[in-house]
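I set out to record what I looked up in this structure, entry by entry. The notes follow the order in which I worked.

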Amino acid sequence: MNFILDYFEKIGFYILYLINELGSLTIYIWNCILSLFRYSINMDNLFDQMVFIGVDSFFIIGLTGLFVGMVLSLQSYYAAKIVGVTYMIGPTVALSMTRELGPVLTALMITARCGSSMASEIGTMKISEQIDALEVMSVDPYYFLSMPRIIASMIMLPILSIISSLIGILGGYVVYKFFLGLNGTVFVDMIYKYMKLSDIYNGLIKAVVFGIILATISTYKGYEASGGSKGVGRVTTQAVVLSSIYILFADYILTSILF
Amino acid sequence: MIILENIDKSFKGVKVLDNLNISFEDKKITVVIGRSGEGKSVMLKHIVGLIKPDSGRVLFNDIDLNTINKKELNELRKKFGMVFQDGALFDSINIFENIAFPLRQHLKLSEGDIIKKVMSGLNDVGLSGIESKMPSELSGGMRKRVAVARAMILEPEIVLFDEPTTGLDPIMSDVINNLIISTQKHLKYTGIIISHSIEGAYKTADIIAMLYKGAIIETGNAEKFKKSDNPVVKQFVTGSMVGPIVI
Ligand SMILES: Nc1ncnc2c1ncn2[C@@H]1O[C@H](COP(=O)(O)OP(=O)(O)OP(=O)(O)O)[C@@H](O)[C@H]1O
Ligand SMILES: [Mg+2]
């Protein structure tokens, strides 16, 4: 009997924890937005973060896109061959990349690469009283640390996502034409025929939302750090896991709304 | 005038400050002494609103810190400089940028003026020539001195020092104590210093206060402390193991 009660108690605690967490996150977002109106944006930090999130990530994002595009082309070949529709491989690769894999994979890679470092950087500043020092110097941490990261992420994610999709389609094309030995013109023509402009910009809307999600959660988690290096490690893990879950969740919601 | 009034503060059920009352006079140096772990740093953080009291009030020139909004608090904090116990230097930027940070945030100075001010600040704490080093490359005592330079760079009205001389050699301690005294004479700031060192307190303080068991048990000038009848104060001042303070 007792273990059943224990079980319900645990669920209860977890629900309370979730509600509490959601509440603090809402307050956090509210404070970030307020800082925008009170102090505008810290341009130096915004620029640094755009370089860190965007420029420094080009290579890894390009690589991810390339391999995913190549695999997509190869995989869909096996299926398409059976029913004799290999001319559909081009649109399959292009639509998957622009609508889905470009934004999602980019977001997950950037979460791993930049979200983790946002959380650990802010977390370390928190436990070593650097955040306190900022506050005593009347420099709002939301203005100085959070907003530049969130906005940089919001701006750079769509750009990275486009690059990832483009390189992915290119990779798909290479596999299609050179490894599978099929007619490259068909690949391109069919993409033109089946892809709409809305596929591209809906993918971009996704990327913007993912960018906001990953940077907001990662910075928020940073401020929650307490109690030494273990605390920083803990919030970093949480930041990556939570951001990823929220990104996938938002992906489902957005897909059902946008397409 | 800064007044802490009936401050209570507990962490996880453990009472750290217990009905603490103290006032800090304008343009004077008050040194708060007390044993390690008594709550001195916690008290200091109350003054700038980094920690909120469970009950009681923090008054700054009759303004209750609890009744003002964030923007007003930020305006008020501009009057303060603070040296954290562990320095709290920004570890991602070098020493020069650390000291220049408050200048860049709050004043519109030319780069030349910033360089001039930072260099003279570094010189005052005996650290010329280290401006391009990173905080992680400095010793604990050097970091502490950089923190002192950073706290004073805006020539604030009130400076809070959390153990500015702990971890420094006796000569450097004296340099910092003298720096505090001379800049105070010159800038006329209100100084609040946390210290373990009774000798340093005698030297720098206009008023000494002793924190014990979460409350202030004695305040007065150095003479009063030397002659105090309070056995707790006596034991602390003489640094003896024997006495009412149980270890
Ligand atoms: N954020 C916090 N969370 C939990 N407990 C805390 C926190 N800050 C301080 N304390 C507790 O409050 C007490 C007083 O701490 P404080 O840092 O003020 O001591 P102190 O007088 O400055 O000591 P020292 O001279 O060693 O610096 C300690 O027992 C400490 O454990
Ligand atoms: Mg302390």
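**Entry 1**

I kept in mind that the model is a predicted one. Helix 6 covers residues 141–179 of chain A and helix 8 covers residues 197–223 of chain A. I read an angle of about 150° for their packing, with the axes 8 Å apart. Angles over 145 degrees count as roughly antiparallel, and therefore helix 6 of chain A and helix 8 of chain A are roughly antiparallel to each other.

I then asked which residues of helix 6 of chain A meet helix 8 of chain A. On the helix 6 side of chain A I listed, among them, Tyr142(A), Leu145(A), Arg149(A), Met154(A) and Pro158(A). On the helix 8 side of chain A the list includes Ile200(A), Leu204(A), Phe210(A), Gly211(A) and Tyr223(A). Sorted by class, this contact of helix 6 with helix 8 of chain A has 17 nonpolar, 6 polar and 1 charged residues.

**Entry 2: Helix 4 and helix 7**

I turned to helix 4 (residues 89–127) of chain A and helix 7 (residues 184–194) of chain A. Their axes come within 7 Å and cross at roughly 55°. That angle makes helix 4 of chain A oblique to helix 7 of chain A. I recorded this crossing of helix 4 and helix 7 of chain A as right-handed.

From helix 4 of chain A, the residues Ile89(A), Gly90(A), Pro91(A), Val93(A), Ala94(A) and Leu95(A) take part in the contact. They meet Phe187(A), Met190(A), Ile191(A) and Tyr194(A) of helix 7 of chain A.

**Entry 3: Chain A as a whole**

How many helices and strands does chain A have? I counted 9 helices and 0 strands in chain A.

**Entry 4: Chain A with chain B**

Finally, I examined the interface. Chain A and chain B bury about 1800 Å² between them, and 56% of this area lies on carbon and sulfur atoms. I noted 19 residues from chain A and 19 residues from chain B in the contact. The rule finds 3 salt bridges across the interface of chain A and chain B. I also recorded a salt bridge of Glu129(A) with Lys45(B), in which the closest N and O atoms are 2.5 Å apart.

How values were computed. Residues numbered from 1 in each chain as written. Chains lettered and ligands numbered in written order. Predicted model: local features only at pLDDT ≥ 70, side-chain atom pairs only at ≥ 80, totals over all residues. Heavy atoms only, no water. Axes fitted to C-alpha atoms, helices over the stretch in contact; angles between N-to-C directions. Helix = DSSP H or I, 4+ residues; strand = E, 2+ residues; numbered from the N terminus. Parallel < 35°, antiparallel > 145°, perpendicular 65-115°, else oblique. Contact = heavy atoms within 4.5 Å. Nonpolar A, V, L, I, M, F, W, Y, C, P; charged D, E, K, R; others polar. Buried area = accessible area lost by both parts, 1.4 Å probe. Salt bridge = Lys/Arg side-chain N within 4 Å of Asp/Glu carboxyl O. Left-handed = near helix turned anticlockwise from the far one by under 90°.
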